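Dear colleague,

Please find the structure below, handed over for your work. My findings follow after it.

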Amino acid sequence: MALLLTGPKTTTEWRCMAKVAAPRMILFLITFILYFSLISLTEKGTVVSTVLKCLPIVSLWIFVLLTGFELKKSHKYKHLILVGLIFSCSGDILLNYDLFEAGMAGFGLAQVFYISAFGFHPLRPWFALPLYGIGAAAVGLMFNNLPLIIKICLPIYGALLLTMCWRSLSRIDSAKNILRMACGLGSILFVISDSIIAFDKFYTPISNAQVGIMVTYYVAQFGIALSVIEQPGSVKTAKSSSPKRSQNDVKIFENNMEP
């Protein structure tokens, strides 16, 4: 229940987060709209469709770089999230050319870097048990339909994906952790997106599967990328028409974002 509580401080934190994130997320929103507006006019496996598919993720690279990105240890979380986004983009490219196993490997590496970013403290294993249980049941349901190589790859990738989700959810301490909540929601949507792919490809066709896959996927990556704002140096460059108020709000936001 604590996660659902809200109050004046939480409202202020949401407002401050929006001030920091919104200007930097414009490019993502533009590329998101471009993808869904134009992708139906292209053919899968072409340069144009590949560029359209990758642009929203590339825009998230730019977002991470704009949040005070520096090559030092204190920015390790941002480094890992950025590399995860880069490997995700490689997976997008490979899948667009029907290189499914290679694309799965690209996304598997992305999950490894996301897991490294989220860490294993606090452990909170009760988040893991239902995730792994549902994952095992899902793989078991479609196992007989899988090609031999996928019978090996899918359980490995599924374990990485669900571990990423577990570690993301485990970082949420309270309603004050609004960025971690966004990241947790993103991790759940990532699982949903990949589940739609698996069931549509290996179990039974799903109506409008591609739309569902891409909407949940892009929003998932958005939530994960958004979490870099709580890291050192991310909010001090935010602009506001009211500098004094902005500084006070951002100070509150930074204090409340401490783990």
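Leaving aside its neighbours within four places in sequence, with which residues is serine 168 in contact? The model is a predicted one, and in it serine 168 touches Phe118, Cys183, Gly184 and Ser187. Serine 168 belongs to helix 6. Its relative accessible area is 0%, under the 20% cut-off, and serine 168 therefore counts as buried.

Beyond its neighbours within four places in sequence, phenylalanine 118 is in contact with Tyr77, Ile81, Met164, Arg167, Ser168, Arg171, Cys183 and Ile224.

Phe118 also stands out in the largest nonpolar core, which has 60 residues. Together with Ile81 and Phe190, Phe118 touches the most other members of that core. Two or more residues of the core come from each of helix 1 (8–38), helix 2 (47–65), helix 3 (76–96), helix 4 (100–118), helix 5 (128–142), helix 6 (148–170), helix 7 (178–202) and helix 8 (209–226). The most is given by helix 7, which supplies 10 residues.

The axes of helix 3 and helix 4 lie 8 Å apart, and the two helices pack at an angle of about 170°. Since angles over 145 degrees count as roughly antiparallel, helix 3 and helix 4 are described as roughly antiparallel to each other. Sorted by class, the residues in the contact of helix 3 with helix 4 are 17 nonpolar, seven polar and one charged.

With kind regards

Terms used. Residues are numbered from 1 along each chain as its sequence is written. This is a predicted model: local features need pLDDT of at least 70, side-chain atom pairs count only at pLDDT 80 or more; totals for chains, interfaces and linings use all residues. Side-chain values use heavy atoms; hydrogens and water are left out. A nonpolar core is a set of buried Ala, Val, Leu, Ile, Met, Phe, Trp, Tyr and Cys residues joined through side-chain atoms within 4.5 Å. Buried means under 20% relative accessible area, exposed over 50%, partly exposed in between (1.4 Å probe, protein chains only). Helices (H or I, at least four residues) and strands (E, at least two) are DSSP runs, numbered from the N terminus. Contact means heavy atoms within 4.5 Å. Axes are lines fitted to C-alpha atoms, for helices over the stretch in contact, and angles run from 0 to 180 degrees between N-to-C directions. Angles under 35 degrees count as roughly parallel, over 145 as roughly antiparallel, 65 to 115 as roughly perpendicular and the rest as oblique. Ala, Val, Leu, Ile, Met, Phe, Trp, Tyr, Cys and Pro count as nonpolar, Asp, Glu, Lys and Arg as charged, and the others, Gly among them, as polar.
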